[in-house]
Amino acid sequence: MILQGKNVVLGVTGGIAIYKAVDLCSKLVQAGANVDVIMTEAATHFVTPLPFQTLTKRPVSVDMFQLLRDTEMAHISLSKKADVLVIAPATANTIAKLALGLADNLLTSTALASRAPLVIAPAMDADMWAHPATQQNVQLLRSRGAVFVGPARGRLASGRMGQGRLAPIEDILGAIRQTLGSKGPLAGVRVLVTAGGTQEPLDPVRHIGNRSSGKMGYALAEAARDMGAQVILVSAPTCLAPVFGVEMLHVRTAAEMHRAVMERLSQVDVLIMAAAVADYRPKHAAVQKIKKGAKGLVLELERTEDILGAVAKARPSLGKPRVVVGFAAETEDLLKNAREKMHRKKVDLLVANDVSAPDSGFGVETNRVVLLAPGKKEEALPLLPKFEVAERVLSKVAALLEAE
Ligand code: CTP
């Protein structure tokens, strides 16, 4: 995980969304980051430094003139050690100071002294956010490379609806991870991932689907983003939240997924087909809801497009994607079927998983897979969280791109 061992300086300013910054701080610590919190004086009117200090097990800095153990000035010391400076929540006031380069407290001084990437998660009243002054400050900071995440739309502290809520914590974490990984092993590489199980309509209220949760594909999209890739995620319906920093394309059927993939094929370096694509669809989807009768019902099914098959045909003339990864979901003879599938689907890497095991495959958080590549030794990975499986798969992809 990209956050492991990274030095994150978390700046917290005085807004009501501050209680969510405690959760952000906790998640950063859980992900293995070394977190130093700087609070503005206004922030301490909303919460005391205690929750941040308890979570990070480090002193929280507020006072500009506090001396550290090594007698270095706090703002210089923190600005030098930061791999990333995150300000969440960021008030309009602090954003204005950052745009102007003011350094009137420990946080703004640290920001001015630091050359670390800056991630800003604003939270304020909608009118303050929409004000031309704020918008110009945001533009100026963006032009200097700052990454903004949010604010989101919804109910504000005033009770009004509008844009001004702190972005979801998962999105702020996504922005931090993307920023930290921007120069990673997949920097500049365009990756298309498919995820989830396609749905083939029977009538307006029913479909034929499968048990895929989309978790493996979403983990691949996140991990590719964290390694610096530009990612497109073509997703069949899932219950998962969109992945921050990834272009999301929502499809439903195998035909829609086929179209979405083929349209983008010439623009991508890597294709990862993690989706569970239906092999059959009802030949005729009823226009109105099918009513039950006294007898049984026979459905006539027809084959869907084999997306990897179409990719294999298009690839020689397109010269893209440079690397194609397939998945094999099997319930018996895993390796025999996977080897056959690798050759039939003409993929550079095949991820085989036994979906009949309770701790591996559909719906669960972990996976146990075997990696197969033509002419290479098969590699059985241990039971791992899906995100770690994704990291291993993408390391192989990076090596295949390198070996070209
Ligand atoms: N796949 C595809 N198009 C389809 C079906 C599957 O591109 N219509 C892709 C999947 O995304 C996966 C790989 O092919 O990467 C293997 O999918 P799987 O369902 O395991 O294999 P099938 O080819 O469908 O073969 P079978 O169902 O007979 O095992």
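With which residue does Arg177 form a salt bridge, and how far apart are the closest N and O atoms?

Tutor: Arg177 forms a salt bridge with Glu222, and the closest N and O atoms are 3.0 Å apart. A salt bridge here is a side-chain nitrogen of Lys or Arg within 4 Å of a carboxyl oxygen of Asp or Glu. This is a predicted model, in which local features need pLDDT of at least 70 and side-chain atom pairs count only at pLDDT 80 or more, whereas totals for chains, interfaces and linings use all residues. Residues are numbered from 1 along each chain as its sequence is written, and side-chain values use heavy atoms, with hydrogens and water left out.

The setting of the pair is given by the domain assignment, which places domain 1 at 7-180 and domain 2 at 190-403; these bounds come from an automatic or database domain assignment. Taken over C-alpha atoms, the centres of domain 1 and domain 2 are separated by 38 Å. Six residues from domain 1 and six residues from domain 2 take part in the contact, where contact means heavy atoms within 4.5 Å. Between them the two domains bury about 600 Å², with 48% of it on carbon and sulfur atoms. Buried area is the accessible area (1.4 Å probe) that two parts lose on being put together, summed over both. Of the area that domain 1 buries against domain 2, 75% is supplied by Asp171, Arg177 and Gln178, more than by any other three residues.

Polar and charged interactions can be counted across this boundary as well. There are two salt bridges between domain 1 and domain 2, and three residue pairs are in polar contact, both residues being at pLDDT 80 or more. The side of domain 1 that touches domain 2 is made up of two nonpolar, two polar and two charged residues. In this classification Ala, Val, Leu, Ile, Met, Phe, Trp, Tyr, Cys and Pro count as nonpolar, Asp, Glu, Lys and Arg as charged, and the others, Gly among them, as polar. A polar contact is a pair of N or O atoms within 3.5 Å; within protein, one must be able to donate a hydrogen and the other to accept it, and residues adjacent in sequence count only if both atoms are side-chain atoms.

The structure as a whole holds 25 salt bridges. One of them pairs Asp36 with Lys81, the closest N and O atoms being 3.0 Å apart. This pair links distant parts of the chain, with Asp36 in strand β2 (residues 34-39) and Lys81 in helix α3 (residues 74-81), 45 residues apart. Helices (H or I, at least four residues) and strands (E, at least two) are DSSP runs, numbered from the N terminus. Asp36 counts as buried because its relative accessibility is 9%, whereas Lys81, with a relative accessible area of 32%, is partly exposed. Buried means under 20% relative accessible area, exposed over 50%, and partly exposed in between (1.4 Å probe, protein chains only).

Another salt bridge joins Asp127 and Arg160, with the closest N and O atoms 3.4 Å apart. Here helix α6 contributes Asp127 and the loop between β6 (152-155) and β7 (161-165) contributes Arg160, so that distant parts of the chain, 33 residues apart, are linked. Asp127 is partly exposed at 47% relative accessibility, and Arg160 is partly exposed with a relative accessible area of 40%.

A further salt bridge is formed by Asp348 and Arg315, whose closest N and O atoms are 2.7 Å apart. Because Asp348 lies in the loop between α12 (334-345) and β17 (349-354) and Arg315 in helix α11 (residues 307-318), the pair ties together parts that are 33 residues apart in sequence. Asp348 counts as partly exposed at 23% relative accessibility, while Arg315 is buried, with a relative accessible area of 18%. Returning to the opening pair, salt bridges that share partners join Arg177 and Glu222 with Arg225 and Asp226 into one network.

The chain that holds these pairs has 13 helices and 21 strands, and buried residues make up 50% of its 404 residues.
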